[in-house]
Amino acid sequence: METLSYGSAPCCQVVNSKWKLVEKSLHPRQSRVSSIGKLGVYFTNTISTCGSVGFYDMGRVQLRDSKRLNFKVFSGSYDGYVIGEEEARDISRIEEPATEVLIPGLPDDSNGESGAPISSCFWGWKPKLSVHYEKAGCEHTDSPHVLFLPGFGVGSFHYEKQLKDLGRDFRVWALDFLGQGMSLPFEDPAPRSKEGAASNRSISSWGFGDETEPWATKLVYSVDLWQDQVRCFIEEVIGEPVYLVGNSLGGFVALYFAACNPHLVKGVTLLNATPFWGFLPNPIKNPRLAKIFPWAGTFPLPSSIKRLTELLWEKISDPKSIAQVLSQVYTDHSTNVDNVFSRIVETTRHPAAAASFASIMFAPQGELSFSENLSRCRANNVPICLMYGKEDPWVRPVWGLQVKRQVPEAPYYQISPAGHCPHDEVPEIINFLLRGWIRNLESQGSVSLPLLEELDSMKYTIIDRELEFPREGSKKSVMVRFFASNFSLWDRIRSFIKSQSKLSNLAAKSQ
């Protein structure tokens, strides 16, 4: 009789080739095993290790009168979840073979399918500070609100592909953070004297004077300002809790906001979220350390910062430099980034752009770290979804995997090829996944998560799908890897046997 046994380590060992169900015996160090019956589960190249599940390499599962299913299992702890090939040494893995899925493309006027119209608006939040935002789909009064937060150096324009498409189903919003995009001040926060302006070449730059205007005395373009901006925007403009979606810096702010205001958030989607922001210590969290730094992003800028900013800004705002950055963060160089490029260049030419950049770079950190934000969100049951471009040169996949470790129940979709801005590079994929995730939450789980619709009770830890969609008269395909939630090995075994038993019974009845 072939057996599978484990000790209290636990240690898993495969003897011979047939898989058996484990029953606990009275002996604390040994378990008795009974046969599954007619079900044959076969493995090749199996090994065993103590302290982890030890099935390895290619295996195949075949039931009588049923199709063969190929999969891989790597060693790992019973309660581990899968986070990728590099971590396969430590975490258990059951992988479902890749299949092709056809999804819709973006709305295209050429085939009679028009996108939702986008409205560009301004909201007067504080004196001399107006917030620019865009919206679509406001006629869908029974649909949830979705608010997009942009990354550093861009604005709401970076989400126009989401607004046009998702605006057909949801009430969709995208705003510009203060100090970025079209939310720059329309008056000089620290004007130069007439003599100073005449003697300086950069007479068009605002914020380089020696005295601050009363309305800008406490102005610092920090994550605390932005999360407060998001709170007021939701309370005063939207008026209802929202689903937050943030890319890069926007992901950090989205998570920070959700941690501080869980009652205003229905869920958070992180798109290659930066795991940290700010270099200087927070004055509330570390008051003694903060005193070491005499300036932390306020106006007016110190003389040394003025000179440094003028030197750096000349290089940073150069269109050639902007084009080089875009070529780094977009993996697929066939992606049309002309609009993004022109809008970024346009923003750099605003007279307040250089001083705003200096304030952002020297602003203090938030009161909470990225990890603390995750912990708070999890404690408050804020749903989190992860969608990361695999080829991001800045926020490497390891950062998304660390989030998955800390919030194992969060669905994690890894997209390839895609870089730092997957929502703009492969908007078809992001829109498809967002729709499905929101519908899953709105239905309280009665609607399956994206890519899990046909799996029923079979629980894989990794699911690969090749998503194909139309674009500009041709077809394009992208690989999406889904990392499932945390559940035990024996849950997987029971789920697999149960689902295959149903298939076997159906096959027997059909004969």
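Q: How many helices and strands does the protein chain have?
A: Keep in mind that this is a predicted model. Counting along the protein chain gives 14 helices and 19 strands.

Q: What percentage of the 511 residues in the protein chain is buried?
A: Here, buried means under 20% relative accessible area. Of the 511 residues in the protein chain, the buried ones make up 52%.

Q: Among contacts between residues at least 6 apart in sequence, what share joins residues at least 24 apart?
A: Start with the contacts in the protein chain whose partners sit at least 6 places apart in sequence. Now keep those that link residues at least 24 apart, and the share is 69%.

Q: Is Thr269 buried or exposed?
A: Thr269 sits in strand β15 (residues 265–271). Leaving aside neighbours within four places in sequence, Thr269 is in contact with Leu244, Val245, Gly246, Cys385, Met387, Leu434 and Trp437. Its relative accessible area is 0%, and the cut-off for buried is under 20%. So Thr269 is buried.

Q: Are the axes of α6 and α9 roughly parallel or roughly perpendicular?
A: The axes of α6 (residues 303–316) and α9 (residues 353–362) come within 10 Å and cross at roughly 110°. Angles of 65 to 115 degrees count as roughly perpendicular. Therefore the two helices, α6 and α9, are roughly perpendicular.

Q: What distance separates the C-alpha atoms of Leu308 and Ala358?
A: Leu308 in α6 is one of the residues that meet α9, where the partners include Ala358. Leu308 counts as partly exposed, at 39% relative accessibility. Along the chain Leu308 and Ala358 are 50 residues apart, yet their C-alpha atoms are separated by 9.0 Å.

Q: Which residue in the hairpin of β10 and β11 takes a positive phi near 70°?
A: Strands β10 (residues 119–126) and β11 (residues 129–136) run antiparallel and are joined by seven bridges. Across this pair, Gly124 stands opposite Ser130 in β11. The hairpin has two residues between the strands, and the one with the positive phi is Lys128.

Q: Is the peptide bond from Phe299 to Pro300 cis or trans?
A: Pro300 is found in the loop between α5 (287–290) and α6. For the bond from Phe299 to Pro300, omega is near 5°, and the bond is cis.

Q: Is Glu472 buried or exposed?
A: Glu472 lies in the loop between β18 (462–471) and β19 (474–483). Although Glu472 is not a glycine, its phi is positive, about 50°. Its relative accessible area is 74%, and exposed means over 50%. So Glu472 is exposed.

How values were computed:
Residues are numbered from 1 along each chain as its sequence is written. This is a predicted model: local features need pLDDT of at least 70, side-chain atom pairs count only at pLDDT 80 or more; totals for chains, interfaces and linings use all residues. Side-chain values use heavy atoms; hydrogens and water are left out. Two strands pair if DSSP finds at least two bridges between them. Helices (H or I, at least four residues) and strands (E, at least two) are DSSP runs, numbered from the N terminus. Buried means under 20% relative accessible area, exposed over 50%, partly exposed in between (1.4 Å probe, protein chains only). Contact means heavy atoms within 4.5 Å. Axes are lines fitted to C-alpha atoms, for helices over the stretch in contact, and angles run from 0 to 180 degrees between N-to-C directions. Angles under 35 degrees count as roughly parallel, over 145 as roughly antiparallel, 65 to 115 as roughly perpendicular and the rest as oblique.
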